[in-house]
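Visitor: I am new to this structure and would like to be shown around. Could you take my questions one at a time?

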Amino acid sequence: MSKRNNDSDSTEVALFVTCLVDLFRPTVGFAALKLLEDAGCSVHVPVEQTCCGQPAWNAGDRKDTREIAEQVIKIFEEFEYIVAPSGSCAGMLKVHYPELFHNIPEWRERAENFASKVHELTSFLTDVLGVKKVDAKLNSKVAYHDSCAGLRELNISRQPRELLESVEGITQQELNDSETCCGFGGMFAVKYSDISNSIVSEKAENIKNAEPDLLLAGDLGCLMNMAGKLKRQGSKIEVRHVAEVLAGMCDGKPIAGE
Amino acid sequence: MKISSPEFKNNACNALDDNQLQGALRHVRKNFVKKRADARRDLPEFDALRDSARAIKDHTLAHLDLYLEHYEKKVIESGGKVHWATNAAEARGIIMDICRKSNARTVTKGKSMITEEISLNEFLEANEIQPVETDLGEYIIQLRGENPSHIIAPAVHLNMDQIRDEFRKAHTHLPAERSMDEPETLLREARQILRDKFLSADVGITGANFLVAETGSSLIVTNEGNGDLTQIIPRIHVVVASIEKIVPTLEDMAQITRVLARSATGQETTVYSTLSTGPKRKTDEDGPEEYHVVLLDNGRSSMLGTEFSEMLRCIRCGACMNHCPVYQAIGGHAYGWVYPGPMGSVLTPTLIGIDKAGHLPNASTFCGRCEAVCPMHIPLPKMMRFWREREFEQHLSAPSHRRNLTLWAWFAKHPSLYRFVTSIGMRILAIWGGSAKRINWLPMAGGWTKFRVLPAPEGPTFIRQYQRAKRNAR
């Protein structure tokens, strides 16, 4: 049974904040809240949520992943929609959970039902809610980086750009090789740091060549990686999650500072 | 071939420090990727062809025994012979027997990854038979005593200067002061030298891109025509191929070749596509007198029906490595064995063991681009994850990583404690980050902070702030 408000017929959405946003960049969570509420949703934030389990999944630890996934499904399955400000975490919930439970009959259907309600934030706004325009203003030249999981698991590339186009004062600049990975890859960035560094250095060159004021993406992991590299190099390019711009919440400091 | 996959990390660091190699890899990043994208754009039915190619291979693999038997029957009917080899040693033994019976001294070779897999050249040399690689790239790396760094462009790690130096060193019978400025000059020189080798070889060994059950034919695709000369001129032609190269019909073969060249080099088709069926017939003017096929299993049949069976669809186009950010950064040699890039990261653990090849499926960002460009839709990241699972189950991953993971997972499963611990942790990090909002160095996170700053948390966690706001609103 879906959880619905008694006093209205607004769309009921549960926000899957993602662990990185929860811990490092709460502004993105509040931006997501605002965008969803502006679009007429009634947003719930289950406070028992922790992480989607992707670190365990990618480390080959199926048992822990399954236990974490069961917990996530139990917390969120009652809602009509589950929305995450991350292509990577939404991909985990939507694509990988059904895979994780495909041979466990008592969970398979539950996982598939849950997965069918999961959406990444920008694609939920455009493709499900039909949002064409956001109420935000920013005089800035921005470049949007396509995060891999969002791009290839969930086909997200048009949606954030469309929404950005509606921000007053914004110009968009495409990056060269915008579909190439930034080199983050979760634990990869730490376990194979030299290779990761080479990949993110290449990415930083492409970003600097495009000369944006602001670099955006839909995934905090990639953003922390690219911001971390740009700031180490002394670049003045600021880095934010796309939701911050769409929600007009760019007052605080950018990721890794100015 | 010496296995250096366990030293992957070291290999990778050396590759990253090698300026010449980094220059050569730029070619992969720019040209291969662009050419494939252009080829795909120019063929509207490309994606439909991919689906069809996958279906053909899936069907074939589901009836592999049937098609292999039919293939053998057809080879015999055309006057050839099929030798079944369970492993590399058996395959080498069979090839050696064929060479011995004909008192072979020199063997010309078409480009073949499968002969790399069975370390054929080293073996022939040890038995006083001289193998001569006739693909230009293979010829160059043979002179240098190297292995291929890419499955379709074996010398992609080299630049013109290195090739010129190698030729000057090797071709001492030519005038030392000759001009070698143009690629064409180098090509002409190699061609001249190889021409004599083609004519004097006793045995010609090629791989096969496809084996056709319908006719008992093998197909090789090349851009230099060297394969034709390798298989037509010597008295004996030996085809070495692994069992999954089989397709049912010529029509199936033709369909898959349409995605093969486009995915590999962006060509509509390779310059040469050469079928060979049995030895020379009475009415033929040329061709080999003997035609042998060495069919190698080497662990492939044991992949059938497992989570790795889809890997057997691979047609060795190289698109996965061309598009892989890790391959693009470090090149092929760092992977430490025959097959580099994503396809190698799945296949190599099967062939040399996950204990030795453990780094390979781990050294991936899971960006998924390999799967996206694979003409056969092979879910490479998924299979790399399967290897990580095997590794985890067998306790082969580093104990420190396991401990950290288990600890983190325990907290993730206990929300209140997770909330408590992360709140304290983030508060400390936020203070550490100061007003600059960044952390330049952090103990236990050296892999991160060596190369990047760590963005500091903004302050209290989202959930804490959200709970507070809710309370205040009441």
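Predicted model: local features only at pLDDT ≥ 70, side-chain atom pairs only at ≥ 80, totals over all residues.

Visitor: How many residues does helix α21 of chain B have, and how far does it reach?

Guide: Helix α21 of chain B covers residues 415–433, which is 19 residues. From its first C-alpha to its last it reaches 26 Å, close to the 27 Å expected at 1.5 Å a residue.

Visitor: Which residues of α21(B) are buried?

Guide: They are B:Tyr418, B:Arg419, B:Thr422, B:Met426 and B:Gly433. Viewed down the axis of α21(B), these buried residues fall within an arc of 90°, so they line one face of the helix.

Visitor: And what covers the buried residues of α21(B)?

Guide: The cover includes α1 (19–24) of chain A, and from chain B it includes α20 (399–412), β11 (438–439) and α23 (462–473).

Visitor: Which exposed residues sit on the face turned away from the buried side of α21(B)?

Guide: That face carries B:Ser416, B:Phe420, B:Val421, B:Ile424, B:Ile428 and B:Ile431.

Visitor: Turning to the two chains, how many residues of chain B are in contact with chain A?

Guide: On the chain B side there are 49 residues, in contact with 57 residues of chain A. By class, the chain B side has 29 nonpolar, nine polar and 11 charged residues.

Visitor: Now the sheet, please. What is the order of the strands in the open sheet of chain B?

Guide: The order is β8-β5-β6-β9, four strands with mixed pairing. At the edges stand β8 (246–247) and β9 (272–276) of chain B, each with a single partner strand, so one side of each has no neighbour in the sheet.

Visitor: How do β5 and β6 of chain B run, and how many bridges join them?

Guide: Strands β5 (residues 210–212) and β6 (residues 217–222) of chain B run antiparallel and are joined by three bridges. B:Val212 stands opposite B:Ser217 in β6(B). The hairpin of β5(B) and β6(B) has four residues between the strands, and B:Gly216 in that hairpin takes a positive phi near 75°.

Visitor: What about β6(B) and β9(B): how many bridges are there?

Guide: Five bridges join β6(B) to β9(B), and these strands run antiparallel. In β9(B), B:Ser273 is the bridge partner of B:Val221.

Visitor: How many residues of β6(B) are buried?

Guide: Six of its six residues are buried. Both faces of β6(B) are covered, with B:Ser217, B:Leu219 and B:Val221 on one side and B:Ser218, B:Ile220 and B:Thr222 on the other. In general, side chains in a regular strand alternate between the two faces of the sheet.

Visitor: Is B:Glu268 buried or exposed?

Guide: B:Glu268 is exposed, because 11 other C-beta atoms lie within 10 Å, and a residue counts as exposed at 12 or fewer. B:Glu268 is found in the loop between α12 (250–264) and β9 of chain B. Not counting residues up to four places away in sequence, B:Glu268 touches B:Ala261 and B:Arg262.

Visitor: Lastly, which residues touch the most other members of the largest nonpolar core?

Guide: That core has 214 residues, and those touching the most other members are A:Phe16, A:Leu35, A:Val83, A:Leu93, A:Met226, A:Leu246 and B:Leu296. Leaving aside neighbours within four places in sequence, the contacts of B:Leu296 include B:Ala85, B:Ile114 and B:Val240.

Technical notes
Residues numbered from 1 in each chain as written. Chains lettered and ligands numbered in written order. Core = buried A, V, L, I, M, F, W, Y, C linked by C-beta atoms within 7 Å. Buried ≥ 20, exposed ≤ 12 C-beta atoms within 10 Å, placed from the backbone. Contact = placed C-beta atoms within 7 Å. Helix = DSSP H or I, 4+ residues; strand = E, 2+ residues; numbered from the N terminus. Expected span 1.5 Å × (residues − 1). Arc of directions from axis to C-beta. Nonpolar A, V, L, I, M, F, W, Y, C, P; charged D, E, K, R; others polar. Pairing = 2+ DSSP bridges.
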